[in-house]
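Please look through the structure below slowly, from the overall fold to single side chains, and keep the sequence at hand while you read.

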Amino acid sequence: MSEIKLTEKEKDQIGRKCCNCGSIESLQYHHIVPLTFGGNNIPSNICCLCYKCHSLIHFGKAKNINHSEATK
């Protein structure tokens, strides 16, 4: 998982709490459509996740994260 460089304004737009569990600790930003699959670095393709939820996505153990909800 590489770090996404975002401005403070972009972080405000995307959100500053985990879109899965609501945590405000250890926040990271995640590409909804990965860059390798044609995604891009625009805010509508990025969601905020805590470290734990982000790790679960990348290691294939997350079953309850709804990416469509993450973009709201």
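Two residues are in contact, or touch, when heavy atoms of theirs lie within 4.5 Å. Asn45 itself has its place in the loop between S1 and S2, and with a relative accessible area of 7% it is buried. What you are looking at is a predicted model, and every value in this text is computed from it.

Let us now step back to the whole chain. The protein chain contains three helices and two strands, and when these are read along the sequence they follow the pattern α-β-β-α-α. Of the 72 residues in the protein chain, 31% are buried. The chain exposes about 5100 Å², and carbon and sulfur atoms supply 52% of that area. If we take the contacts between residues at least 6 apart in sequence, 50% of them join residues that are at least 24 apart.

The next topic is the interior. In soluble globular proteins, nonpolar side chains tend to be buried together. Which residues make up the largest nonpolar core here? This core has seven residues in all, namely Cys18, Ile32, Cys47, Leu49, Cys50, Cys53 and Ile57. Strand S2, which covers residues 46-50, and helix H2, which covers residues 51-58, each supply at least two residues of this core, and S2 gives the most to it, with three residues. Apart from this core lies another one, made of six residues, among them Ile4, Leu6, Ile14 and Cys48.

Cys50 is in no disulfide, and the nearest cysteine sulfur to its own, that of Cys53, is 3.7 Å away. Cys53 is likewise in no disulfide, with the sulfur of Cys50 as the nearest one, at 3.7 Å. Because the relative accessible area of Cys50 is 7%, this residue counts as buried, and Cys53, at 5% relative accessibility, counts as buried too. Leaving aside residues up to four places away in sequence, Cys50 touches Cys18, Cys21, Ser23, Glu25, Ser26 and Leu27.

Ser26 lies in the loop between helix H1, residues 8-14, and strand S1, residues 27-31. Although Ser26 is not a glycine, it has a positive phi of about 50 degrees. Is Ser26 buried or exposed? Its relative accessible area is 53%, and therefore Ser26 is exposed, whereas Cys50, which it touches, is buried.

In one of them Lys11 pairs with Glu8, and the closest N and O atoms are 3.9 Å apart, which is within the limit of 4 Å. Lys11 and Glu8 both lie in helix H1, and they are three residues apart, about one turn of the helix. The side chain of Glu8 also meets that of Arg16 in a salt bridge, at 2.6 Å from N to O. Arg16 in turn forms a salt bridge with Asp12, where the distance from N to O is 2.7 Å. Taken together, Glu8, Lys11, Asp12 and Arg16 are linked in a network of salt bridges.

Asp12, at 53% relative accessibility, counts as exposed, because exposed means over 50%.

Conventions: Residues numbered from 1 in each chain as written. Predicted model: local features only at pLDDT ≥ 70, side-chain atom pairs only at ≥ 80, totals over all residues. Heavy atoms only, no water. Disulfide = S-S within 2.5 Å. Buried < 20%, exposed > 50% of the residue type's maximum accessible area, 1.4 Å probe, protein only. Core = buried A, V, L, I, M, F, W, Y, C linked by side-chain atoms within 4.5 Å. Helix = DSSP H or I, 4+ residues; strand = E, 2+ residues; numbered from the N terminus. Areas by Shrake-Rupley, 256 points an atom, 1.4 Å probe, with all protein chains shown as cover.
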